[in-house]
Amino acid sequence: MTKQEIIAGLQEMGLTRGDKVLLHSSLISLGHVDGGPEAVIDAFLEVLGKEGTLLVPVFGALGILTETLKKRPDAVISPCPVGTLAAVGADAQAICKDHWKASTAHGADTPFTRLAEMGGYVCLLGCDQDRNTSLHGVEALLELPYLKETTATFTTPEGEEITKSWKYYPGPHRDFIGLDRCYREAGVIKISRIGNAQVRLIKSKDLFDIGLAIGEEDPAFVLCDNPECADCVRQRAAIFADRMDKESFKLTASAKLAGRYVPEMVEKLNAAGIKWIELDYIQGKACVFMPEEKLVAAVNELRSEGIEISALSTDIMPDDPQKVVDLVKAAGISRLILPVGAAEAAKCAVEAGLEICFRNINHSALAVSAFIKESGNGKACFNPAAFVKAGEKPFLRSYRMGRFIKIMGQLDVVDAVWDGTVKTLARGNGEIKELMSILRCHNFAGFFCLGGGSGYPGTLKEAADDLIWLLDNM
């Protein structure tokens with residue numbers, strides 16, 4: 001390859017004098033170039049002319065072309081220790097100025113978004129969208145919940161040493177490669193060949209506009225769906241947790257659904273983005289019958305991994321209510337779910353300062369509401385699958401007849417058909433969608449429990465996906 005051949009290739013792609021280009025590159029992809037990296041940089045600068053500007057990322061070891069431009073005597077370096085760019089040309093100062101003052105490294109008021117506002121281009125020379133740093137700008141503008149904060153100490157152009165943090169900083173694996181198809185289908189990207197290199201050229205504004213539109217519809221748009229990719233599993237969990245944080249209710253899951261052993265529960269809860277667990281069974285044994293030291297150890301292990309306990313639940317009326325209360329208190333659990341009818345246990349629990357919920361097992365709505373009213377303590381843990389088994393329509397009859405809006409503390413997010421067989425959500429007779437919808441209308445502040453009291457015919461992840469599907473279709 002010669003410099004003139006590279007110039008011709010760039011001009012054929014549409015670049016001309018006065019253009020501004022952010023270049024991501026692989027020199028080796030071109031093949032042998034007479035004059036080496038300097039010839040490639042000179043080719044770009046000749047095409048862009050004195051009125052144009054060439055930028056490259058220099059925040060790491062990103063190839064010989066970036067180092068070559070960075071070392072030019074007329075190069076301007078954006079004054080930011082993260083997301084740093086080097087630029088040569090008429091608008092180099094304007095694009096790079098005060099980069100460090102922005103709240104993010106790649107988003108608003110950074111060289112990446114300024115380039116888009118100025119009508120500039122992104123050029124991928126011998127590399128794919130995986131190297132396209134501007135896509136981090138799309139993520140930052142969307143304020144995606146899996147992005148973190150980064151902090152660095154550096155010296156400002158005025159000579160002041162400061163420590164500063166930037167929000168929404170990118171982390172590990174991304175599936176940026178998958179966006180290439182979106183840009184091709186939109187007709188906004190040019191793909192050609194110069195030497196051995198495949199070259200992509202796209203208007204930075206088009207890159208941002210289309211990326212933002214896709215990301216607003218699906219915040220996981222640049223995450224892969226490979227279940228073995230721990231990075232993307234973790235980042236998808238952060239999106240789910242952020243979604244739940246915006247709801248009035250708190251989401252928990254039964255331990256029985258989460259796994260058999262505590263480490264398995266932790267792994268599955270964290271992978272799903274669920275922060276709470278209701279302790280019903282551990283290792284196949286009812287938690288209410290566990291030795292105190294084992295329950296305390298399990299609770300401590302869960303909490304050390306960032307999982308909080310929403311309640312300890314039992315569907316069995318204990319022979320020794322005080323023993324159950326002492327067990328719950330020893331484990332530092334503040335809430336106890338008992339079956340309707342466990343009046344003596346409830347009395348002991350209230351005297352110990354515990355919050356009580358009563359779960360319907362084989363009861364009618366009127367029987368549940370009458371018991372709670374008579375007991376004078378506690379709230380209802382509404383289990384639609386159990387009401388179905390009792391022959392009631394949970395929303396059209398149970399919820400309304402029992403006037404549960406006044407006494408409900410938890411909705412078990414479960415479903416079943418009339419013979420008691422559990423089903424995936426909204427695939428039985430539990431009217432779970434209607435129940436969830438009405439509670440959200442009232443800004444219900446209690447718990448929604450996946451798998452609570454009745455189980456779920458699948459995994460915790462499948463139950464969480466079902467929940468999101470229902471929320472998205474309300």
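Student: Which residue in E5 is the bridge partner of Leu23?

Tutor: This is a predicted model whose residues are numbered from 1 along each chain as its sequence is written, and in it local features need pLDDT of at least 70, side-chain atom pairs count only at pLDDT 80 or more, and totals for chains, interfaces and linings use all residues. Side-chain values use heavy atoms, with hydrogens and water left out. Strand E1 (residues 20-25) and E5 run parallel and are joined by five bridges; strands (E, at least two residues) and helices (H or I, at least four) are DSSP runs numbered from the N terminus, and two strands pair if DSSP finds at least two bridges between them. Within E5, the bridge partner of Leu23 is Cys123.

Student: And which residue in E9 is the bridge partner of Val122?

Tutor: E5 also pairs with strand E9 (residues 197-203), in the antiparallel sense and over five bridges. The bridge partner that Val122 has in E9 is Ile202.

Student: How far from Cys224 is the nearest cysteine sulfur?

Tutor: Cys224 is in no disulfide, although it does have a nearest cysteine sulfur, which belongs to Cys232. Cys224 itself counts as buried because its relative accessibility is 13%. The distance from Cys224 to the sulfur of Cys232 is 3.6 Å.

Student: What separates the sulfur of Cys449 from the closest cysteine sulfur?

Tutor: Cys449 is buried, with a relative accessible area of 0%. Its closest cysteine sulfur is in Cys381, too far away for a bond, because the separation is 7.0 Å.

Student: What is the phi of Asp98?

Tutor: Most residues other than glycine have a negative phi. Asp98 is found in the loop between helix H4 (92-96) and helix H5 (111-117), and it counts as partly exposed because its relative accessibility is 24%. Asp98 is a residue other than glycine with a positive phi, near 55 degrees.

Student: Is Arg403, which also has a positive phi, buried or exposed?

Tutor: Arg403 lies in the loop between helix H17 (394-401) and strand E18 (408-413), with a phi of about 50 degrees although it is not a glycine. Because its relative accessibility is 52%, Arg403 counts as exposed.

Student: Which element gives the largest share of the lining of the largest pocket?

Tutor: On a 1 Å grid over the protein atoms alone, a pocket is an open set of points where a 1.4 Å probe fits, with protein on both sides within 12 Å along at least five of seven lines, and lining residues have an atom within 4 Å of a point. The largest pocket is lined by 34 residues, of which Val233, Arg234, Asn270, Ala271 and Ala272 lie nearest its centre. Two or more lining residues come from each of helix H9 (230-245), helix H11 (262-272) and helix H19 (460-472). The largest share, 10 residues, comes from H9.

Student: Which residues does Ile468 touch, leaving out those up to four places away in sequence?

Tutor: Ile468 has its place in helix H19, and it counts as buried because its relative accessibility is 19%. Contact means heavy atoms within 4.5 Å. With residues up to four places away in sequence not counted, Ile468 touches Phe240, Arg243 and Met244.

Terms used:
Disulfide = S-S within 2.5 Å. Buried < 20%, exposed > 50% of the residue type's maximum accessible area, 1.4 Å probe, protein only.
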